[in-house]
Structures are given as C-alpha cells and as structure tokens.
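Biologist: I'm new to this one. Please put it up and walk me through it.

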Amino acid sequence: MDSSPIEDGAPSAAHALGVLGAEPLVGGHPPQRASHASSGPRAAEVARIAAKVEDGLRITPAEGLLLHDHADLLLLARLADLVRIRLHPEGRVTYIVDRNLNPTNVCITDCGFCAFYRRPGEEGAYVLEREEIHRRMQELADLGGRQVLMQGGHHPRLKTAWWAELCADLRTRFPLVNLHALSAPELDHLAKLDKRPVEEVLKDLVAAGLGSVPGAGAEMLVERVRKIIAPKKTTTDRWLAVHRAVHEAGLRSSATMMFGHVETHAERIEHFERLRALQDETGGFTAFACWTMQPEGVPQQELYPRKATPGTYLRVQALARIYLDNIANMQTSYVTQGLKSAQLTLRMGCNDFGGTMLEENVVSAAGCFNLAPIEKLEAQIRRAGFVPTRRNSWYGIVDERLGAPSGPACREEAATHRAARLGKALVGAGAEA
Ligand code: SF4
C-alpha cells in the first residue's frame, strides 16, 4: 500500500488545511462558528449568511452569489465541511471501481469545447466492435468493477434499439456491473432519432438493463451560455425534463457542472438553483460533481479564457456543497484537477472520489489526464483522515473490509429508498421492475 507523501512533495490535505486554519479532522464535533468571516464591506452580510448555514438553513440565490463573491476560501471550506459532516458523519470517503467506455465518438452536435468527438466519416471516427467492448468489460469485471460509465457521441444512425441491444448483451454477460449510461443529451438525441417521447426510449433501455444515468451534458444550465458553447445541444429545460423523466422511470441519476468558461458568477448560482429545485421535486439525484473547463486543444479554443485556477475550482466546489443541501453526495474531480486538489476538497464538502475510471477518453482528449491506481486513490483518502470505502452506483456500501453490504444494492432498491424518503409512489418501468 502506498503511504508516501502526495506527489511532488506537496502537503497533505490535512496539513494544507491546517495551514489555512481549519478544524481537526472528521468524526468528532462539527466545527464551531467562525469568529472571522471575511473582511471588507460585505463582512457583516457574509457572517449573517454563514450563520444561516451553521444553523442548517437553506441559502437563497442572492446569498449564494454573495458568498461566491465575498466569502474567503477558508470560510467556504469550513461551511462546506460542516454540511458534509452533517450528511456523512461516519468519516468515510467513497469511490467506485468503474471504467469509462465510449462505444462511439461519432457526433453531429459539434460542441465547441469538445476535443473527443469526430464528425461522421472524419479520420479517427469510430464505433467499437462488440468484441472490443466485451474485452474491456471483462477487464473491469476481473477487477471487481461495479459500474461502467458508458457514453458516446450523438451518432446519427445509432438509435435506441442499438443501445438497448448493447445494454441487454452486457447485462447478461456482466450482471454485477451496473450500466451507468447515456446522458440526458444522448437520451434526448435518441428520442429525436426514434421520433418518439424520451419516456418510451427510457422504458426500452430500462427493460434492457440500464441501471442509472450519468449527469453529463449539463455544462452550464443557462441558455445564454449554452447558445455560446453548445448551441446544438439539449437546452436547459430539456436537460432537466429528461432527468425528471429518468427519475420518474425509477432510475437515479447524477448531476454535474462544467464551469470556468463564458459564464458569469450569477449563472453558476443559477445552475445550482435549477438543480436544487428539481431535486426538491424528485429526489432523484444521487450526487453532484463539477469541474473546470479544459480549454487546451478544443475546436473553438479561441472562445475560451485560460483554464480556471485551482482556487476558483475549490471555491465553487465548496459553494456547491453549501448550496445543494438536498443532494446527498459530492464527488471530487481528481481526473481534471489532480489528486492534490481532490484531496483538499475532502475538507471542502466532498465525500466521494468518483470512479477509478480505468479508461477515460473525453477529458484526456482535451489534454487533461490525471488517472491514478486504486491504491494511490486510497492513500490520498487515508492521508486526509478518512476511511476509503468502495460503493456501488447508488451509493450503497460494497466493501468487504467493512463487513456486510449496506444501502441500496440495485436500481430497484435505490428507487424504493427515494420513494420512502419523499413519501411518494413511483411511476414507470423502473419502479415496477
Ligand atoms: S460534448 Fe458530447 S454532444 Fe458535444 S460534441 Fe462532444 S460528444 Fe458530441
């Protein structure tokens, strides 16, 4: 087991936060109220909002923006850590053994920030042979993998029937690997190709074995921004409507945000607000993850500013934990931010390290690739003072070191948990399956 210091001799999260003045590590009492909010003309307002968070109250969009712009990083970190401790007092940081699998990179949606896709017929365009998909899945299954994150481009000819057949085949061959597949824009694309409602597309995919839906393609849920960075992609309202349909079909999904490009600070808060409102309604999101735009080498690089700094990432990540008070889990993004930043976020609201991602094509196509072996991920988590714990797609614990599994074991149990929490009856195929 690797217990060496963090790469490049950088300090551990515990040390770094000690330098920042943070409280001792998890498991004990929540940090006390801050005596130092922020200095400057807005200090009193920041302190008032911080007190609301400390009291477990929800903050408004205006208060979120004020924290974004005027709270210092240490205060944001402390408040986010407080929210995390309330939700996850057991001192664990979870992760899932998974891999990315992109059956095709052919896409007709032409997002200017995407270095992954190829137009139909373009050099480098591919659709993976089934044997190759099986080989990659077998590698994952041999490692005890629990999930495949399966997404692709918006191929103009691969309809729902193609994806459903693939799902059914993989479900039969690899029953322990959950199919976490097809983002909202992909589902929307399939509905357009099929010329039928997304609810019907989902019904076929759920019957074929789709187990949960990734939160990709959200980018920034603000139309002004989407018109600039991805004008052909699913709109904000539609992205949310597809996730609502996913939740009503009895599946859980995750939520994401890509920031640090053409959006304003207020638009980051607007994104949070749209997610929080849908979660109030459905309770279907398991987790939230965010990352900064990776502008190097993308088709419309000239549109974008330089890559956002780690400080910006940490601030927004901490604010996400504070604002999204109804989404249970926060994933850090070590693939885009590196292990050092990811480790810091464990004291800034994050309780999950995401997936081990044995393969990652989308972010790496943009020149950003920070994959690490499982032992190294666990070492980072331990050095931050937490117990690394394996989970499944629904955040059930599936770690032999901790005894019997706990929490939802499958999509049906996850749907039941959500329904019980909301006091609602579920509709749709997943709830009946
Ligand atoms: S981000 Fe997705 S939809 Fe957009 S061009 Fe890339 S593969 Fe296509």
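Modeller: Helices (H or I, at least four residues) and strands (E, at least two) are DSSP runs, numbered from the N terminus. Residues are numbered from 1 along each chain as its sequence is written. Bear in mind this is a predicted model: local features need pLDDT of at least 70, side-chain atom pairs count only at pLDDT 80 or more, and totals for chains, interfaces and linings use all residues.

Biologist: How many helices and strands does the protein chain have?

Modeller: We just go by those DSSP runs, helices at least four residues long and strands at least two. For the protein chain that gives 17 helices and ten strands.

Biologist: What percentage of the 433 residues counts as buried?

Modeller: A residue is buried if 20 or more other C-beta atoms lie within 10 Å of its own, exposed if 12 or fewer, and partly exposed in between, with C-beta atoms placed from the backbone. Over the 433 residues of the protein chain, the buried share is 50%.

Biologist: In what order do the four strands of the open sheet come?

Modeller: Two strands pair if DSSP finds at least two bridges between them. The pairing here is parallel, and the edge strands, each paired on one side only, are β2 (98-101) and β5 (210-212). Put together, the order is β2-β3-β4-β5.

Biologist: Is Leu182 buried or exposed?

Modeller: Leu182 is in the loop between β4 and α7. Its phi is near 65 degrees, a positive value in a residue other than glycine. Most residues other than glycine have a negative phi. Because Leu182 has 26 C-beta neighbours inside 10 Å, it counts as buried.

Biologist: At what angle do α7 and α8 pack?

Modeller: Axes are lines fitted to C-alpha atoms, for helices over the stretch in contact, and angles run from 0 to 180 degrees between N-to-C directions. The axes of helix α7 (residues 184-194) and helix α8 (residues 198-208) are 9 Å apart, and the angle is about 105 degrees.

Biologist: Which residues of α8 make that contact?

Modeller: Two residues are in contact if their C-beta atoms, placed from the backbone, lie within 7 Å. From α7 come Leu187, Asp188, Leu190, Ala191 and Asp194, and from α8 come Val198, Val201 and Leu202.

Biologist: Which residues does Asp194 touch, not counting those up to four places away in sequence?

Modeller: Asp194 sits in helix α7 and counts as partly exposed because it has 15 C-beta neighbours inside 10 Å. From Asp194 to Lys159 is 35 residues in sequence but 6.5 Å in space, C-alpha to C-alpha. Leaving out those up to four places away, Asp194 touches Lys159, Thr160 and Val201.

Biologist: Now the ligand. How many nonpolar, polar and charged residues are in the shell around it?

Modeller: A residue is near a molecule if its C-beta atom, placed from the backbone, lies within 6 Å of it. The ligand is surrounded by residues including Cys107, Asp110, Cys114, Tyr117, His154 and Lys233. Ala, Val, Leu, Ile, Met, Phe, Trp, Tyr, Cys and Pro count as nonpolar, Asp, Glu, Lys and Arg as charged, and the others, Gly among them, as polar. The shell comes to six nonpolar, three polar and two charged.

Biologist: What is phi of Asp110 near?

Modeller: Asp110 is in the loop between β2 and α5 (130-142). With 15 C-beta neighbours inside 10 Å, Asp110 counts as partly exposed. Its phi is positive although the residue is not glycine, with a value near 55 degrees.

Biologist: What separates the C-alpha atoms of Gly297 and Cys114?

Modeller: Gly297 lies in the loop between β7 (285-292) and α12 (310-323). Gly297 has 11 C-beta neighbours inside 10 Å, so it counts as exposed. Gly297 and Cys114 are 183 residues apart along the chain, yet their C-alpha atoms are separated by 8.8 Å.
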